[in-house]
Each structure stands twice: as structure tokens, then as C-alpha cells.
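Subject: Structure handover

Dear colleague,

Please find below the structure for your review. My notes on it follow directly after.

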Amino acid sequence: MAPLKILICGGGCAGPSLAFWLARCGHHCTIVERFPALRASGAQIDLRAQGIQVAKRMGLLDVIRSKLVDEAGVVMVDTQGNSKATFMANKSGKGAQTGTSEYEIMRGDLVRILYDVTKDNVNYVFGKTVEHFEQDERCVTVHFSDGQIDTYDLLVGADGQGSRIRQAILPPDSPDTVRRLGVYMGYWFVPRADTDNNYRKMYHIPGSRMVMSRVHSPTEGQAYFTFRDDSEELRSLLRAPVETQKEFWAQKFQGSGWQTDRLLQGMKTTENFYCQDVVQIRTDTWSKGRVALLADAAHCPSPLSGMGTTGALVGAYVLAAEINRNSNNLPQAFANYDKVLRPFVNEIQKFNPLFVTLAWPKTSFGIMILHFIAGLLAFFRIPDIVARLSKEEKGGWLVPEYPELKSALQA
Ligand SMILES: Cc1cc2nc3c(=O)[nH]c(=O)nc-3n(C[C@H](O)[C@H](O)[C@H](O)COP(=O)(O)OP(=O)(O)OC[C@H]3O[C@@H](n4cnc5c(N)ncnc54)[C@H](O)[C@@H]3O)c2cc1C
């Protein structure tokens, strides 16, 4: 079969994972990334469940292990920093992961790992994007932001939850694909304090607010500020200049106890600042003609799920295999991709809205109840026992075998 000429829009976690497999199968891949350089930023992400198996099949587990963040578990604290409940990571190698995965890694480190294993046989173009495209039964003609025009056998949108490729292929009357979960989140890096240890700290504040801190290096940590609000007005905050966004977080949390003021102080000078409306992407349309969507662009499960990166690695593996198997028949490739992956995606997107109400209590009384219940569960080690007795594979979905990908890797 003739190799395909493939354009992937987005050089985050999913785009390079897809190119990893396709390039090894002999296809010609170009990745266009809007950011002017490798966007190796972001906070701590985790690899879980079937994502660990795919990373293993990519031969990347050892290099990922060498970059893991040492996080022992999660502690809920009160205003004085006293522990109210502690949940340990399950590092026994048996059963399922708990809130802290065995594979916690900084997003920047994973992006760099994926870039390093693809840069020699994938063409990366930074500071450029797809302005628009048109397609017929023979090719996709892509118009780039620098005025260049080129044709490809296929185009993949791996451009994250706000995907412009998705917006271009979805039918105009398609139901709302962005499901807002009613939580806003801002996170940034802060200098590590002497009192910081390798536990993630979680501090609840009346007014449905919650702050988390974790550390990832001898000198640096991360602050996560979150609150529950499903009003529309705040959405414009995400489009405001960074200084306005910072002002917002400072006003909303200043003087709220525990270490919030120290973490807000760190925000003023941080170079790693990121804000988001917590959403899921749900759509029945993952492809149109010669254009397909991948990972967050197709099925972002939300950061609350801890499954975004796993979804990216697993989705890239399935899409690459189906494109490679059906390179003469792309509609078949995309239909198989949907059929094989959809049950896994349905599993990682399972979400009960009650979780948000319970996890961000509104009043001091609500926080007291949360601490009491969490304390009981932690005391009897219920999450730990449940995790050890559970299966890691989400929903029992097994990563499909594609022997040709394995052979391509060994070649
Ligand atoms: C800067 C950043 C920080 C993040 N931090 C966290 C975090 O701390 N915790 C967490 O759970 N998740 C985080 N995420 C999301 C997480 O990486 C993804 O949920 C997950 O890894 C799935 O990967 P993805 O490749 O689909 O999306 P992403 O990793 O979001 O990658 C999408 C890529 O596409 C690029 N892009 C977007 N639009 C265009 C365009 N029009 N043209 C070309 N390129 C485009 C983006 O710059 C990005 O490099 C972050 C994402 C980004 C971009």
C-alpha cells in the first residue's frame, strides 16, 4: 500500500502519539502547532488504566518512569493545615490507581518525551495553523496561516478541547458538543516552601471554592485554584488578558486561610499560568470525509476525570492502526476507529454532576460533613481496599491487538 501524506493539527500529547505510530508504518506525517515552539508546559497529568498499556506498547514506559513526579497521596487539610483525611496512592502494582496515579508526570515532560521519539521522522512546523480547508474524494486542500496551500491524503484535528478542526467539520445544527461541568480552574507554578512535602494538599473554602497544592521538583510546586460556578458571565474571563485573570483569582481567594495567600503571591511572578472552564467534549461526529478528530478535540473527558492523557494515547493508537490497515479506504478506517474506541470513550466520560456539588461544598457545615465522611473512609482505608480489589482497565475495555503496529516498531 502506498504511504499516505498526513497533516496533524496540534502538537500536544495526542498529535505526536498518532505520528509516532503512523511514521513507523511508513506514512509521511507533518504536525503543525500553533504555538511558536514545542508547548511543553502545563501542570501535573496522569497516565492511567489502558493508557499505561499503550505507553508500554510504544516502548516508553521506562523513560516515562524516569520522569515521574513523586506524589505519595492526597491529604485534605483545614485552615490550620491539619490533616482531615489522607488517601495514599496505590503503588502495589496490583488493582486500580487511586486519586494519585502511579504514573504522575509533568505535562511538559511527557510532551518532550513524545517529541524526542518522533522528531527524526515527523516534520514539525511551529507557529503555524490551519486557516481553512476543503476536501473532495481525492485529497484535502489545506490553507495555512502563513498563506501556504498544500494537499494531503488526510487531516487529523489534534488541536485540543477548543478544536477549530472540529468546529469546521461538525454539522451546523449539531447539538452543543461542549458540556460545561460548572467548575473553573486556574493553575500556576509557585516556589516550593520549606513545609511542602510529597503529598498533594486539598483545602476547601466556603463559597464552593477549593485550593490544591503539590510539588514536582526540589524548588517548584503547583497551585490549583478552583470554584464551582455555572454562570455564563465568567466565560469571558478566559479571554481576558492574563493580568485581568490573575486579578480575578486574587480577589476571589485573598485571605481565605491555610496557604492561599502564599500561593497567590506565587501567581504574580509565575511564567506557567493556565486557566480553564472545566468541560467535556461530546460529539457523535469524529470524522468527515478525509478529516478526523483525535483525543480532546473529539472526546475530552475533562481534567476532573484524570483520563485526558490516557484518552489521547489510546485514541492515537487505535486511529493510527485503523488508518494504516485501511489506507485505501479512509471512510472504513474512520468507521472502525469510532466503533472500536467509542465504548472506551463512553467509559472515561462517565460523569455524575452530583460529584461537583459534593466535592465543592458551599458552606462551612458542608465542608465539615465532607471532612467527616472522607476521614471515615480514609481511617478504614476503604478507597485503598477498593482500588486493590478493582481492575485497572476502565470498563473492562481491552486495548485491541494490532500486530502490524508491533512489527512496525520492531522493524
Ligand atoms: C498548555 C497546556 C497545559 C495543559 N495543562 C494540563 C494540566 O495541567 N492538567 C491536565 O489534566 N491537562 C492539561 N492540559 C490538557 C492535556 O494536555 C490534554 O487533556 C490531554 O493530554 C489530551 O491531549 P491533546 O493532545 O488532545 O490536547 P492538548 O495537550 O491540549 O494539545 C493540543 C495542542 O494543539 C495545539 N493547538 C490548539 N489549537 C491549534 C490550532 N488551531 N492549530 C495548531 N495547533 C493548535 C495546542 O497548542 C496544543 O499544543 C493542558 C493542555 C495545554 C495545551
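**Strand pairing and ligand shell**

Q135 has V140, in β9, as its bridge partner. Strands here (E, at least two residues) and helices (H or I, at least four residues) are DSSP runs, numbered from the N terminus. Residues are numbered from 1 along each chain as its sequence is written. The model is predicted: local features need pLDDT of at least 70, side-chain atom pairs count only at pLDDT 80 or more, and totals for chains, interfaces and linings use all residues.

β8 and β9 run antiparallel and are joined by 5 bridges, and a hairpin of 4 residues connects β8 to β9. Strand β9 (residues 140-144) is also joined to β10, by 4 bridges and again antiparallel; T141 stands opposite T151 in β10. Two strands are taken to pair if DSSP finds at least two bridges between them. In general, strands of a sheet pair through backbone hydrogen bonds, either parallel or antiparallel.

These strands form an open sheet of 3 strands in the order β8-β9-β10, with antiparallel pairing. Its edge strands, β8 (130-135) and β10 (149-152), each pair on one side only. From one strand to the next the twist averages 25 degrees, with axes fitted as lines to C-alpha atoms (for helices over the stretch in contact) and angles running from 0 to 180 degrees between N-to-C directions.

Turning to the ligand, 31 residues surround it, the closest being G10, G12, G42, A43 and G308. A residue counts as near if its C-beta atom, placed from the backbone, lies within 6 Å. The elements that give two or more residues to this shell are α1 (14-24), β2 (28-33), α8 (296-299) and α9 (308-325). The largest share, 3 residues, comes from α9. By type, the shell divides into 14 nonpolar, 10 polar and 7 charged residues, where Ala, Val, Leu, Ile, Met, Phe, Trp, Tyr, Cys and Pro count as nonpolar, Asp, Glu, Lys and Arg as charged, and the others, Gly among them, as polar.

As for the whole protein, the secondary structure comes to 14 helices and 18 strands. The radius of gyration is 22 Å, close to the 22 Å that the globule rule gives for 411 residues, so the protein is as compact as a globular protein of that length. This radius is taken over C-alpha atoms, and the rule is 2.2 Å times the number of residues to the power 0.38. Along the principal axes, the C-alpha atoms fill a box of roughly 65 × 45 × 40 Å.

Kind regards
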